[in-house]
Amino acid sequence: MQKWKLTTEFTFDSAHYIKDYDGPCGRLHGHTYKVRVEATSNQLHTSEYCPHPVMVADFRSLRWAKRDMEKGGLDHGVLNDILPPKYETTAEMIAQFIYDETKKRVPEGVRLKVMVSETPNSWVEYEDEP
Ligand SMILES: [Zn+2]
């Protein structure tokens with residue numbers, strides 16, 4: 001079966017603290033978060049900006065989190081204030097939040113994987129397995 005995979009990477013700068021964490025991560029500090037979003041599909045779709053079925057998903061819909069927090073993204077904000085309370089601000093749950101929000105912005109049938117890195121040597125990966 002035919003299959004396409006889009007991969008896009010971006011960064012955003014934000015502050016956070018881990019609630020009730022006994023150590024430095026419990027104090028307000030910042031990271032340049034790196035995010036990689038993979039979108040996989042067996043068919044191509046139209047988008048909000050293009051009426052022809054020629055793309056897996058519009059890159060704009062995969063990169064929303066890069067935008068300034070005042071424009072609906074995650075950049076230059078305090079993640080503890082931006083994320084709904086059900087998400088803690090660990091890399092694991094930031095990845096889950098980005099996944100959940102990106103899922104709402106891509107066509108039905110597009111499978112996603114979201115990777116988040118706080119530091120150069122570690123990544124977390126989130127996907128919702130069928
Ligand atoms: Zn941190």
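This report describes the zinc site and the salt bridges of a predicted model.

## Basis of the model

The structure is a predicted model, in which local features need pLDDT of at least 70 and side-chain atom pairs count only at pLDDT 80 or more, while totals for chains, interfaces and linings use all residues. Residues are numbered from 1 along each chain as its sequence is written, and side-chain values use heavy atoms, with hydrogens and water left out.

## The zinc site

The zinc ion is coordinated at 2.0 Å by the NE2 atoms of His-16, His-29 and His-31. Donors are N, O and S atoms within 2.8 Å of the metal (3.2 Å for Na, K and Ca); water is not among the atoms, so sites may look incomplete. Along the sequence, the donor residues follow the spacing H-x12-H-x1-H. Strands (E, at least two residues) and helices (H or I, at least four) are DSSP runs, numbered from the N terminus.

A residue is buried under 20% relative accessible area, exposed over 50%, and partly exposed in between (1.4 Å probe, protein chains only). His-16 has a relative accessibility of 1% and therefore counts as buried, whereas His-29, at 23%, counts as partly exposed.

## The salt bridges

Side chains of opposite charge can pair when their charged atoms come close. A salt bridge is defined as a side-chain nitrogen of Lys or Arg within 4 Å of a carboxyl oxygen of Asp or Glu. The structure holds 5 salt bridges. One of them joins Lys-113 to Glu-125, with 3.4 Å between the closest N and O atoms. This pair also links distant parts of the chain, since Lys-113 belongs to strand 3 (residues 111-119) and Glu-125 to strand 4 (residues 122-126), 12 residues apart. Glu-125 is partly exposed, at 48% relative accessible area. Elsewhere, salt bridges that share partners join Glu-101, Lys-104 and Arg-105 into one network.

Glu-101 is buried, with a relative accessible area of 18%; Lys-104 is exposed, at 62%; and Arg-105 is partly exposed, at 34%.
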